[in-house]
Structures are given as C-alpha cells and as structure tokens.
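Visitor: Please take me through the salt bridges of this model, one at a time. Then show me what lies around them.

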Amino acid sequence: MRKALQPPVEHITDGREAWKLGFTGFFVRSRGIVSSLVFIFLTATGAPWWFTTQLIQIDLIYSIVYFLFILGFSTGLGFLYLRDRSIRSLQIKYYLHRLAHSIRDEQTKIIDKLNHHDNKFERLPKNELELYLKEICENLKQYFILLTNDRHIDVAIRLAVLKDKNIVYKTYARTKGLNPNREKTSEVISINEGVPKILRNYDAQGVLIYHDFIEAEKLGLYKTTKNDRKYPSEVVTAMIAPMNAWGGKKQDMIGILFITSKNRKTFSIKHVDSVAFAADVAANAISNIICLGFRKETVNQNNIKKIS
C-alpha cells in the first residue's frame with residue numbers, strides 16, 4: 001500500500017510562499033545561499049589541486065581550457081533555460097489575453113441577443129450558457145497546461161441551481177479531454193455535502209488541492225459520484241476553487257471551478273493564486289450574464305415580471 005507523504009486534501013488561501021518549498025526552494029533562501037557559498041569555499045580551498053605534490057601536477061593551459069569549457073557549457077544551458085522560460089511566459093500571457101478576449105466577445109453576443117428579446121431569458125437558445133462556459137473551460141485548460149507543464153489537464157465548471165427548493169451544484173461545462181459520456185451520468189452535488197460543504201466551511205475562500213480522493217472520502221472531505229467510479233483514471237488529482245460573485249440577489253458561491261489532472265504530482269501551492277484568479281474571472285463573467293437576466297424585465301398590464 002502506498003504510504004501517503006502528504007494529506008489527501010489541502011486548503012490554501014495564499015500561494016506567495018511557494019518559492020521557499022522543495023529542494024530548489026532551500027537553495028534560493030538566505031540559509032541555502034549561505035550554505036552553498038560555504039560549501040564552495042571549503043571545496044575549493046580543500047581541493048588537492050591547489051597544492052603541488054609529486055602525485056598531482058596540473059597543467060595551467062589545460063586547466064584554463066577545462067574551466068572555459070565548463071563555463072561555456074553552463075552559460076549555454078542557462079541561455080537555453082532562459083529561452084524556454086521566456087517562450088512559456090509569453091504563451092501563458094497569450095492565453096490569459098485570449099481568455100479575456102473570448103469572455104468579452106461571447107458576453108457581448110449574449111447581451112446582444114438578450115437586448116433583442118422583450119420577454120424571457122429562456123427564449124435564448126437553450127445551450128447558450130453552456131457554450132459560453134465551454135469556451136471559458138477550453139481557454140483555461142490551455143492556460144493551465146502551460147502553467148503546470150502537464151498535457152493531461154482538464155477543466156469543469158459547476159453552477160448553483162435550485163432543485164426541489166434546495167441548492168445543488170450542477171456541471172454545466174467540461175473540456176473535451178473528459179469523456180463526453182460523462183454528461184449522461186452526471187450527478188448534482190448538494191450544498192450540504194462534498195466539495196460545496198467543505199468550501200463553505202472555509203467561507204468559500206481559498207483553494208482545495210485534492211491529492212487522494214479515496215482517502216479524502218474516508219475523511220468525509222469528498223463525495224464520490226457515478227462519474228468518479230466510472231472514469232477513475234480521468235481525474236486523479238485536482239485543484240478546486242469557489243466561484244464567488246453576484247448570484248442575482250446577493251454575493252454568494254455561484255459555482256465551483258475544477259482544474260483536474262490524470263497525473264498525481266501536478267498541483268502544488270505555487271498554482272493556488274492562478275486557480276483563484278481563474279475562478280474569479282470566470283465568476284465575474286458568469287455573474288454579469290446572470291445579473292442581466294435578473295435585471296431584464298418586461299412590463300404587462302398587470303405586473304412586472306422578473307426574468308431569471
């Protein structure tokens with residue numbers, strides 16, 4: 001049995017200290033830098049080639065050539081690393097711009113259609129909101145693929161809806177990497193169970209990192225759905241964030257954003273702020289549409305009907 005090296009679920013609200021973690025994090029902290037300098041000093045001054053002995057004779061020319069080769073090789077690797085980081089950074093910025101651009105265009109189309117109807121919001125095509133959310137999910141997927149260097153990223157969005165006078169969270173959109181048959185067996189999750197309950201226990205703040213869904217369920221921190229059982233290899237780990245915005249009547253958790261991976265070691269604290277940012281952007285975009293639907297009113301001879 002695999003021994004857990006970390007808790008099955010982590011709740012994190014601030015990822016700014018991620019640079020201190022791990023092997024690399026030690027060496028970029030003050031303690032690590034001092035330790036590295038001390039090690040280099042002791043190694044250099046204690047090395048036998050600094051002393052003239054009968055056993056070791058170092059030719060100065062060969063030493064210089066060797067030194068220049070190591071310096072050049074290290075510099076070349078540094079430039080290759082810088083090139084890779086620069087390209088990746090530019091691609092990440094591109095997809096952030098593409099996300100904002102797509103939200104603006106799709107939102108404008110929906111608003112335009114709403115403005116050409118005098119009656120109910122439901123007169124728009126039934127899948128209008130779903131298409132809007134799928135576009136957001138696909139752009140977020142590309143963004144997080146670049147951010148995590150993991151090609152197996154997928155994204156899903158659940159929105160709060162009323163069912164039998166109770167609030168539940170229903171999946172409205174998911175990326176193409178997830179099995180399309182998921183829609184047929186998708187289940188709603190009640191506000192008082194699973195992920196919605198956990199997020200609300202934290203006042204719908206921060207991000208949940210699920211490292212082990214099975215252990216999380218044993219601890220009462222997750223509710224396994226039909227799709228979890230039917231497609232266990234599609235979602236192995238996930239980062240889950242609340243989508244807080246104007247739900248038509250008050251500020252609330254109008255939805256939940258799922259960033260998932262088939263790999264076990266994809267997500268960490270360094271991705272927390274990016275996921276929280278994505279959840280806020282998506283929540284604001286969706287909230288604008290929902291709010292407009294509530295505000296759009298039609299007047300008849302008897303009363304004023306709010307459109308939802």
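Guide: Lys-218 and Glu-215 form a salt bridge, with their closest N and O atoms 3.4 Å apart. A salt bridge here is a side-chain nitrogen of Lys or Arg within 4 Å of a carboxyl oxygen of Asp or Glu. Both residues sit in helix H7 (residues 213-218), 3 residues apart, so about one helical turn separates them. Helices (H or I, at least four residues) and strands (E, at least two) are DSSP runs, numbered from the N terminus. Lys-218 is exposed, at 63% relative accessible area. Glu-215 is partly exposed, at 32%. Those words have cut-offs: buried is under 20% relative accessible area, exposed is over 50%, and partly exposed is in between (1.4 Å probe, protein chains only).

A word on the ground rules. This is a predicted model, in which local features need pLDDT of at least 70 and side-chain atom pairs count only at pLDDT 80 or more, while totals for chains, interfaces and linings use all residues. Residues are numbered from 1 along each chain as its sequence is written, and side-chain values use heavy atoms, with hydrogens and water left out.

By the salt-bridge rule the count comes to 5. Take another one. Arg-182 and Glu-234 meet through their side chains at 2.7 Å, N to O. Arg-182 is in helix H5, and Glu-234 is in the loop between H8 and S6, so this pair ties together parts that are 52 residues apart in sequence. Glu-234 counts as buried, at 10% relative accessibility. Arg-182 is buried too, with a relative accessible area of 7%.

Next comes the salt bridge of Arg-200 and Asp-252, at 3.3 Å, N to O. Arg-200 belongs to helix H6 and Asp-252 to strand S7, so the pair ties together parts that are 52 residues apart in sequence. Arg-200 is partly exposed, at 27%. Asp-252 is partly exposed as well, at 23%.

Now look around these pairs. On a 1 Å grid over the protein atoms alone, a cavity is a set of points where a 1.4 Å probe fits but cannot get out; lining residues have an atom within 4 Å of a point. Rolling a probe the size of a water molecule over the atoms shows where empty space is left. The count comes to 1 cavity of 30 Å³ or more. The largest cavity has a volume of about 300 Å³. Its lining has 21 residues, and the closest to its centre are Arg-158, Arg-182, Tyr-222, Asp-228 and Phe-258. Volume means the space filled by probe spheres set on the points, with grid points joined across faces, edges and corners. Helix H5 (182-185), helix H8 (226-230), S2, S3, strand S6 (237-246) and strand S7 (251-261) each supply at least two lining residues.

S2 and S3 deserve a moment. Strand S2 (residues 153-163) pairs with strand S3 (residues 166-174) in the antiparallel sense, over 8 bridges. Strands pair if DSSP finds at least two bridges between them. Ala-160 stands opposite Tyr-169 in S3. The two strands form a hairpin with 2 residues between them, and Asp-164 in the turn has a positive phi of about 55 degrees.

In H6 (residues 194-201), Gly-194, Val-195, Pro-196, Ile-198 and Leu-199 are buried. After H6 comes Asp-203, with a positive phi near 60 degrees. Most residues other than glycine have a negative phi. Asp-203 lies in the loop between H6 and strand S5 (207-210). Asp-203 is exposed, with a relative accessible area of 62%. Ala-204 is in the loop between H6 and S5 too. Ala-204 also has a positive phi, about 55 degrees, although it is not a glycine. Ala-204 counts as buried, at 10% relative accessibility.

S5 pairs with strand S1 (residues 9-12) in the antiparallel sense, over 4 bridges. Glu-10 stands opposite Ile-209.

Terms used:
1 Å grid on protein atoms, 1.4 Å probe; cavity = no way out; pocket = protein on both sides within 12 Å on 5 of 7 lines; lining within 4 Å.
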